[in-house]
Amino acid sequence: MIRILIVDDEKPICDLIDLNLSSAGYQCSAVQDGLEALERIEKESWDLILLDIMLPGASGFDIMEYIRPLEIPVIFITAKHEVKDRVRGLKLGADDYLVKPFDVVELVARVEAVLRRYNKSEQKLTAGDVTVDVDARMVTKAGKPVVLTNKEFGLLVLFIKNKNVALFRETLYEKVWEEEYYGDSRTLDLHVQRLRRKLGWEHSLVAVYKVGYRLEVSQ
């Protein structure tokens with residue numbers, strides 16, 4: 001399993017990131033102190049580090065200097081939004097830079113993009129008895145194949161990667177249909193209904209009032 005270290009001095013931010021990345025199938029650990037982060041990086045093996053800049057003990061920039069020779073991918077996640085800070089972080093070797101506050105869907109997408117670059121992305125996703133082989137574009141439920149259209153497959157991947165997270169209709173539409181959402185949800189709703197039927201998710205894939213949909217699964 002992909003191991004991710006979250007380094008941020010705000011525990012609620014760490015908990016939010018941990019919740020969403022764990023739901024997407026990653027194994028996460030979090031620390032709120034720069035020196036503790038350095039100790040964990042030295043003693044353990046990590047596939048990706050999410051790194052804040054303003055930390056007690058040692059700054060994110062200091063930690064990045066230590067990480068660089070180890071060739072561990074890093075995404076800076078910080079409230080520092082000035083261009084000079086982004087440039088400095090990227091010049092130090094960070095793979096991406098995400099400014100707070102951020103959308104959790106964007107966070108998961110950026111994590112996946114960086115892991116793909118390092119050939120560390122997970123090949124299979126699971127939710128209950130449903131398994132998705134992303135590369136082969138194959139879906140099984142309780143070991144039996146399920147035939148999905150391209151749009152249904154795209155929606156399924158988004159839902160599984162964001163388990164227990166309410167996803168806005170516009171986010172789902174723009175990610176899967178790759179075009180701007182103008183407020184007509186009939187096409188999206190139809191595809192979600194078919195996905196429910198095919199996977200037996202009538203009670204798991206729930207509508208969220210004035211938002212969109214959420215895939216509810218036990219952790």
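Let me start with helix H8, residues 186-199: it has 14 residues and spans 20 Å from its first C-alpha to its last, close to the 20 Å expected at 1.5 Å a residue. The expected span is 1.5 Å times one less than the number of residues, and helices (H or I, at least four residues) and strands (E, at least two) are DSSP runs numbered from the N terminus.

This is a predicted model, in which local features need pLDDT of at least 70 and side-chain atom pairs count only at pLDDT 80 or more, while totals for chains, interfaces and linings use all residues. Residues are numbered from 1 along each chain as its sequence is written, and side-chain values use heavy atoms, with hydrogens and water left out.

Which residues of H8 are buried? They are Leu 188, Asp 189, His 191, Val 192, Leu 195, Arg 196 and Leu 199. Seen down the axis of H8, these fall within an arc of 165°, so they line one face of the helix; the arc is taken from the directions from the helix axis to the C-beta atoms. Arg 186 and Arg 197, on the other side of H8, are exposed. Buried means under 20% relative accessible area, exposed over 50%, and partly exposed in between, with a 1.4 Å probe and protein chains only. Just after H8, Gly 200 has a positive phi of about 65°.

Next, Leu 155, which sits in helix H6, residues 150-161. Leu 155 counts as buried, at 0% relative accessibility. Leaving out residues up to four places away in sequence, Leu 155 touches Leu 172, Val 176, Trp 177, Leu 188, His 191, Val 192 and Leu 195. Contact here means heavy atoms within 4.5 Å.

Now the pair H1 and H5. In H1, Leu 16, Ile 17, Asn 20 and Leu 21 meet Val 104, Leu 107, Val 108 and Val 111 of H5. By class, that contact has seven nonpolar, one polar and no charged residues. Nonpolar covers Ala, Val, Leu, Ile, Met, Phe, Trp, Tyr, Cys and Pro; charged covers Asp, Glu, Lys and Arg; the others, Gly among them, are polar.

Last, the loops. Lys 100 and Pro 101 are joined by a cis peptide bond, with omega about -10°. Pro 101 lies in the loop between strand S5 (96-99) and H5. Ala 142 is not a glycine, yet has a positive phi of about 55°. Ala 142 lies between strands S8 (138-141) and S9 (144-146), in the loop, and is exposed, with a relative accessible area of 57%.
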